[in-house]
Amino acid sequence: MFSFCTDPAALDTARWFACYLTTGKHMGFYVSFGTVLLLLAITAPTALAFGFAAAGAARSALAPLRWLGKTYIAIVRGVPDIAFFLFFVIALDQGFEWLRHKVKCPDWDEPIRQGNDFVVCTAAKLPLGNAPQWMHETYGFLLAVLTFAIVFGAFAGNVLFGAMRAVPEAQLETGSAYGMTRRQIFWRILVPQMWVYALPGLSNLWMVLIKATPLLFLLGVEDIVYWARELGGSKTPRFTDYPHGDWRMWYFLALLIFYLAFTRVSEIVLDRLMKRLTHGQATTGGEAQRKATT
């Protein structure tokens, strides 16, 4: 922090804001933007992997696997997102601790469920009570990532399943006529061609995922919404060196600008990706590109 921050006489308006915007809490606010971007960077490919597995299972020739894939997609899509976000964090946390409890404390003779309490031995706690604060924060963040991936993986699975069905059946039959196995047809014909049909739906899902990141606040992660509410609320001289009124509107306006800018950049990138995928394809976009170059 600047040295003139300790000299009240030197604090004109500009310097006051310079000192105010460089406090430790504001540094946490700035870092939280990186937390949101990191969540998106990890969750997007993880959710896509969940979705691809669900779509592949839903197309499986094995009935149990097909039922599993379709059930996963239907259940998650049919329940409000916030219910799953709050449910999975608790369920995953207790599930991990229950498994550790069975391994680390086999001689435990008390019930794990004691009324409304979930009680495991100390060694099974995640993270351990004496673990540093960064481990508690990292564990909570990973639970949030896994929760987001499970929820949005179901939506991605539905999009990919529809994209797989959109690939012309004649091309799959041609591959079979040339002696290709079912696995070869899937990886060499179906998967490469399905992306052009899947990208519009995945683009919308990406935008929804961006807008869902404020739910981190409900999952106990100190994200940008948490800090905007914390820093923007009224402050009095009794509790801070930088008293001010209710500034939440300005902090949330900063979040509004951030999300609008990020979605705009996403739209540009996705549009370029769509043009690349449709190049040479027998689709409306591909036909438009051919006409533009002739």
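At 1.5 Å a residue, the 35 residues of α2 should span 51 Å, and the end C-alpha atoms of α2 are 49 Å apart, which agrees. Helices here are DSSP runs of H or I, at least four residues, strands are E runs of at least two, and both are numbered from the N terminus. The expected span is 1.5 Å times one less than the number of residues. α2 also bends by about 25 degrees at T43, with a proline, P45, following within four residues. A bend is the angle between axes fitted to the seven residues ending at a residue and the seven starting there.

This is a predicted model, where local features need pLDDT of at least 70, side-chain atom pairs count only at pLDDT 80 or more, and totals for chains, interfaces and linings use all residues. Residues are numbered from 1 along each chain as its sequence is written, and side-chain values use heavy atoms, leaving out hydrogens and water.

Next, α5: its 34 residues reach 49 Å between the first and last C-alpha, close to the expected 50 Å. α5 has a kink of about 30 degrees, centred on G153.

Overall, the protein chain has 10 helices and 2 strands. Its C-alpha atoms fill a box of roughly 85 × 70 × 30 Å along the principal axes.

Now the pocket. Which helix gives the largest share of the lining of the largest pocket? That is α5, with 8 residues. α2, α4 and α5 each supply at least two residues of this lining.
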